[in-house]
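Hi,

Here is the structure I promised to pass on. Have a look at it first, and then read my notes below.

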Amino acid sequence: MLSNLPIFISIIFALTTFATLFLFYNIVKNANNADNQKLANPILLGMSFWLAIQAFLTLKGVYKADLNVFPPKIILFGVLPNIIAMVLLFTTAKGKRFIDSLPLKQFTYLNTVRIPVELVLFWLFMNKAVPEIMTFEGKNFDILAGISAPLVAYFGFTKGKISPKILLVWNICCLMLLMNIILIALFSAPVPFQKLGFEQPNIAIINFPFSWLPTFIVPIVLLGHLTSIRQLIR
C-alpha cells in the first residue's frame, strides 16, 4: 500500500469500487431476459472473487515486482482477462444475447462512479501517487461523463426527451474520454513503454486498493459504453 496516504482516499475508492459492483449487479437483475436475471447472483460472486484475487496479487507485491518485464504483470493478470471476457461477450451468441438484454438506463447511471474516481485521482496527485496529467487539472476530462450521466439517464430514458442518436453520440464521446485517460494512465505507469509522467509516475495502480481501477472499474464502464453503442445502433 502507498505510505503516508490519507486513509480517507483509500476508503472512498474502495466504496466506489463496491458501488460499481452492486450497480452492475442491479443492471443484470433488471435484464429484460429472465434467464439472464438469474445470472445476477453468480456474477456477483464471480466478480467479488475477482476483486479478492486482484487484492491478493496487489498486496503480495506481484504488480510491483520487476516493473521492467513485458507485458507488465498488471496487464497480464489484471487487464487481459477482462479483455478476453469482453471479446467473448461480443462475439458469441450467448454473450450477445446477454449484453442485448441489459438495460441502458441503469448502465448510464453507473457512469456517475466516474465522479468519485476523478476526485480520488486528484487526491492521489496531491499525494504524489499519479501525475497531474491524469487529473481534471491536466488532460483528463472524464469527470464530464460522470457529471452528465444522471442528466442523460433521466432525460433520455425516464422522460424520453433525448433521441437515440444523441444518446449514441453521448456514449461515443464518453467512450473517447475513457480511452483518453486509459492511454494517459498506461503511458504514465512505471513500465518499459512509459512516455508520460516521468516527474511523478502513475504508481497508484500497482498499489491496493487502486489496482481495482484498471482491473475492475474501467472494464465495467467500458462494457457499459460498448453495450450501449451496440444496442443504440441496432
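Phe 24 counts as buried, at 2% relative accessibility; buried means under 20% relative accessible area, exposed means over 50%, and partly exposed is in between (1.4 Å probe, protein chains only). Phe 107 is buried too, with a relative accessible area of 2%. Before you go further: this is a predicted model, where local features need pLDDT of at least 70 and side-chain atom pairs count only at pLDDT 80 or more, while totals for chains, interfaces and linings use all residues. Residues are numbered from 1 along each chain as its sequence is written, and side-chain values use heavy atoms, with hydrogens and water left out.

Now the aromatic rings. The structure holds 10 aromatic pairs (rings of Phe, Tyr and Trp, the last by its six-membered ring, pair if their centres lie within 6.5 Å; planes under 30 degrees apart are stacked, over 60 edge-to-face, and the rest tilted). One of them joins Phe 13 and Phe 210, a tilted pair with 5.3 Å centre to centre and 45° between the planes. It links distant parts of the chain: Phe 13 sits in helix H1 (residues 7-29) and Phe 210 in the loop between helix H9 (164-188) and helix H10 (212-233), 197 residues apart. Helices here are DSSP runs (H or I, at least four residues), numbered from the N terminus. Phe 13 is buried at 2%, and Phe 210 is buried at 2%.

Phe 24 and Phe 107 also form a tilted pair, with 6.0 Å centre to centre and 50° between the planes. Phe 24 is in helix H1 and Phe 107 in helix H6 (residues 104-110), 83 residues apart. Phe 18, Phe 208 and Trp 212 form one aromatic cluster.

How many disulfides does a search of the whole structure find? The search finds 0, a disulfide being a pair of cysteine sulfur atoms within 2.5 Å. The sulfur of Cys 173 has its closest cysteine sulfur in Cys 174, 6.9 Å away, so it is too far for a bond. Cys 173 is partly exposed at 40%, whereas Cys 174 is buried at 3%.

Last, the surface. Ile 84, in helix H4 (residues 73-91), is partly exposed, with a relative accessible area of 47%.

Cheers

Conventions: Helices (H or I, at least four residues) and strands (E, at least two) are DSSP runs, numbered from the N terminus.
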